[in-house]
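Q: I have a structure open and have never looked at it before. Can you walk me through it?

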Amino acid sequence: MAAPNIVNVATINAKTDMFALATTGAITILTNASNSGVVVQVNSIYVANVDGTNNADISIDIHNGVATAGASSSAAGVGFALASTVVVPADATVVVLDKNSPVFLEEAMSISAAPSAADDLEVVISYQEIS
């Protein structure tokens, strides 16, 4: 697992991914594969509650392992909390991470999201792949 040198950057690719959290299990929302040759700078994570009536909780973890994005994060190594059981009020959005406090994913690292209720929360994650 290498940590690419980001002083001599050749390429920066900006990306945004979106997930509707359809189950209550943790799913991988972003992964940086082993031997990718990139470091991923996570600039923002937004969690929106699309249920007009009920609050829902979200937990976001960073893992020292990888799993396929959109899949269960059970194979993604040990998880460490970025946000733990944070309440997202009905019809509201919570900013879990913003550009003022980025997180870097080295190779073989990932981020997962685990909602307390199925079909109530949506996640938008903005990041840059740097090589």
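**Loops, strands and surface**

A: Asn35 is exposed, with a relative accessible area of 69%; exposed means over 50%, buried under 20% and partly exposed in between, with a 1.4 Å probe and protein chains only. The model is predicted, so local features need pLDDT of at least 70 and side-chain atom pairs count only at pLDDT 80 or more, while totals for chains, interfaces and linings use all residues. Residues are numbered from 1 along each chain as its sequence is written, and side-chain values use heavy atoms, leaving out hydrogens and water.

Q: Where is Asn35 found?

A: Asn35 sits in the loop between E2 and strand E3 (39-49). Strands (E, at least two residues) and helices (H or I, at least four) are DSSP runs, numbered from the N terminus.

Q: What about the phi of Asn35?

A: Asn35 is not a glycine, yet its phi is positive, about 60°. Most residues other than glycine have a negative phi.

Q: Which loop holds Asp91, and is Asp91 exposed or buried?

A: Asp91 lies in the loop between E5 and strand E6 (93-97). Asp91 is exposed, at 58% relative accessible area. Asp91 also has a positive phi, about 55°, although it is not a glycine.

Q: OK, new topic. How many helices and strands are there in the chain?

A: The chain has zero helices and nine strands.

Q: What is the order of the strands in the open sheet of four?

A: The order is E2-E8-E4-E5, and the pairing is antiparallel. Strands E2 (27-32) and E5 (79-88) are the edges, each pairing on one side only; two strands pair if DSSP finds at least two bridges between them. Neighbouring strands of this sheet are turned by 15° against each other on average, direction ignored. That angle is between axes, lines fitted to C-alpha atoms (for helices over the stretch in contact), with angles from 0 to 180 degrees between N-to-C directions.

Q: How many bridges join E4 to E8?

A: Six bridges join strand E4 (residues 56-63) to strand E8 (residues 109-115). Ser59 stands opposite Ala114 in E8.

Q: And how much of the chain is buried?

A: Of its 131 residues, 37% count as buried.

Q: Where does Val9 lie, and how accessible is Val9?

A: Val9 is in the segment before strand E1 (12-21). Val9 counts as partly exposed because its relative accessibility is 34%.
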